[in-house]
Amino acid sequence: MKVAVCAQDNHIDARVDPRFGRCPYFIVVDLDSGNWEGVQNTGTQSSGGAGVQTAQLLVNRGVNVVLVDRIGPNAIEVLGRAGIQVYGGIHGTVSQSLESYRQGKLTILSRANSPSHGGMGRG
Amino acid sequence: MIIAVASGKGGTGKTTVASSLALVAAEKGEVWFLDCDVEEPNGHIMLKPHWHRKETVRVPVPEINREKCTLCGRCAEVCAFHALVVLPQEVMLFPTMCHSCGGCWHLCPAGAISPGWREIGRVEEGSSGKIGFVHGRLNVGEAISPPLIQAVKKRIRPGVLNIVDAPPGTSCPVIRAVEGADFCLLVTEPTPFGLHDLKLAYEMATQLGVPCGVAVNRSDGNDDPVRQFCHTNNVPLLFQLLQDREVARGYARGIPAVEVRPEWKEHFSALLAFLEKEGYARCAK
């Protein structure tokens with residue numbers, strides 16, 4: 001069981017990044033072994049389609065669950081079709097978010113909670 | 001001859017200038033007005049054309065043959081716009097993100113992708129008195145307008161005056177509208193925003209190799225910063241239209257500026273004479 005968390009830095013205690021498509025790193029944790037690895041998000045520099053590209057990255061990595069704060073419509077559609085569960089509203093650090101997930105405190109997202117291009121800083 | 005009317009900033013008066021120029025030019029000869037602001041065309045509100053012809057515009061997008069597809073992922077890899085995603089059980093397409101480059105159908109190793117067609121909008125053609133009129137209307141929700149702008153510009157008539165009313169800004173749609181013009185009239189306003197975006201629009205047109213001139217709308221009669229910019233860059237400041245409440249009232253009711261202020265016609269006649277004298281009309285294809 002692999003869980004990916006949107007992170008601002010390449011560490012298990014890094015702060016979470018509120019964006020999905022344009023977060024710089026994913027911390028991917030294997031819940032069975034407890035091991036984690038940082039995955040650089042190559043989608044951050046896209047002029048468009050960052051969420052779709054990022055979703056493809058997680059699909060290729062064989063991730064089962066993604067923890068996000070906000071996510072856009074195209075990305076959540078891809079993750080949904082790939083059978084990846086998305087939980088929203090994380091804050092604090094990656095390890096705190098994982099703890100909330102383990103305790104069942106996060107809510108599952110079935111729809112986008114951010115518009116297209118929400119991570120581009122255009123307000 | 002093709003004259004593009006453009007501006008970096010929106011709302012400076014491109015359509016006010018372009019429609020008035022068309023009306024004055026039509027008193028002297030054949031003229032076509034091509035509204036390339038296909039996301040929100042408004043030239044027809046001023047010129048009120050009678051429509052003769054409508055045509056849908058389509059772009060090629062990938063069609064995936066599920067029987068041949070091996071889910072290898074090559075198409076998603078080559079798509080620079082991330083319009084394709086390859087999942088373990090299927091390929092997903094986001095058609096509005098596709099730029100129709102053809103990379104996927106040329107490079108699919110299984111030969112599973114072929115070009116299909118998708119409608120993005122329509123081109124409408126008509127006439128307003130002696131003015132030939134063409135505009136494009138992009139379908140709601142579409143993100144990519146340049147192919148539709150290209151379809152509007154296909155209606156450019158050789159050997160006569162064509163006025164291209166460009167969208168605002170300096171991005172792909174504007175570049176598609178302005179490229180190939182013999183002259184670009186940059187419309188600005190005497191505000192810091194107007195000047196800032198005039199500089200961007202000037203750089204864009206210069207990179208396209210299109211010679212420029214500047215017109216100031218809603219002028220305070222002075223326009224020193226714009227005048228300074230034109231002087232520094234050796235760009236002609238062609239005319240200034242004064243801030244005028246009656247013209248604004250007319251605009252809000254769809255009445256062109258030169259109908260509210262017939263004395264303004266001389267600015268546009270002078271512009272046409274300038275283009276003739278400077279030889280822009282002669283280098284027209």
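In chain B, 72% of the contacts with a separation of 6 or more are between residues 24 or more positions apart; contact here means heavy atoms within 4.5 Å. The model is predicted, so local features need pLDDT of at least 70 and side-chain atom pairs count only at pLDDT 80 or more, while totals for chains, interfaces and linings use all residues. Residues are numbered from 1 along each chain as its sequence is written, chains are lettered from A and ligands numbered from 1 in the order in which they are written, and side-chain values use heavy atoms, with hydrogens and water left out.

**View 1. Chain B as a whole.** Count along chain B and you get eleven helices and eleven strands. These are DSSP runs numbered from the N terminus (helices: H or I, at least four residues; strands: E, at least two). Along the principal axes, the C-alpha atoms of chain B fill a box of roughly 70 × 45 × 35 Å.

**View 2. The nine-stranded sheet of chain B.** The sheet is open, with mixed pairing, and its strands run in the order β3-β6-β7-β2-β8-β1-β9-β10-β11. At the edges sit β3 (50–64) and β11 (237–242) of chain B, each pairing on one side only; two strands pair if DSSP finds at least two bridges between them. On average, neighbouring strands are turned by 20 degrees against each other, direction ignored. Zoom in on β1 (residues 2–6) and β9 (residues 183–188) of chain B: they pair in the parallel sense over four bridges. A4(B) has C184(B) in β9(B) as its bridge partner.

**View 3. Helices on that sheet.** Helix α7 (residues 192–207) of chain B lies across β9 and β10 (212–219) of chain B, and runs at about 170 degrees to β9(B). Helix α11 (residues 265–277) of chain B also packs on the sheet, touching β1, β8 (161–165), β9 and β11 of chain B, and its direction makes about 170 degrees with that of β11(B). Axes are lines fitted to C-alpha atoms, for helices over the stretch in contact, and angles run from 0 to 180 degrees between N-to-C directions.

**View 4. Around T15(B).** T15(B) lies in helix α1 (residues 14–26) of chain B, and counts as buried because its relative accessibility is 8%. Its side chain and that of D165(B) are joined by a polar contact of 2.8 Å (a pair of N or O atoms within 3.5 Å; within protein, one must be able to donate a hydrogen and the other to accept it, and residues adjacent in sequence count only if both atoms are side-chain atoms). Leaving out residues up to four places away in sequence, T15(B) touches S20(B), N42(B), G43(B), M46(B) and D165(B).

**View 5. Where chain B meets chain A.** Each chain puts 13 residues into the contact. About 990 Å² is buried between chain B and chain A, 65% of it on carbon and sulfur atoms; buried area is the accessible area (1.4 Å probe) that two parts lose on being put together, summed over both. On the chain B side, H82(B), M92(B) and F94(B) lose the most area to chain A, together 46% of what that side buries.

Methods. Buried < 20%, exposed > 50% of the residue type's maximum accessible area, 1.4 Å probe, protein only.
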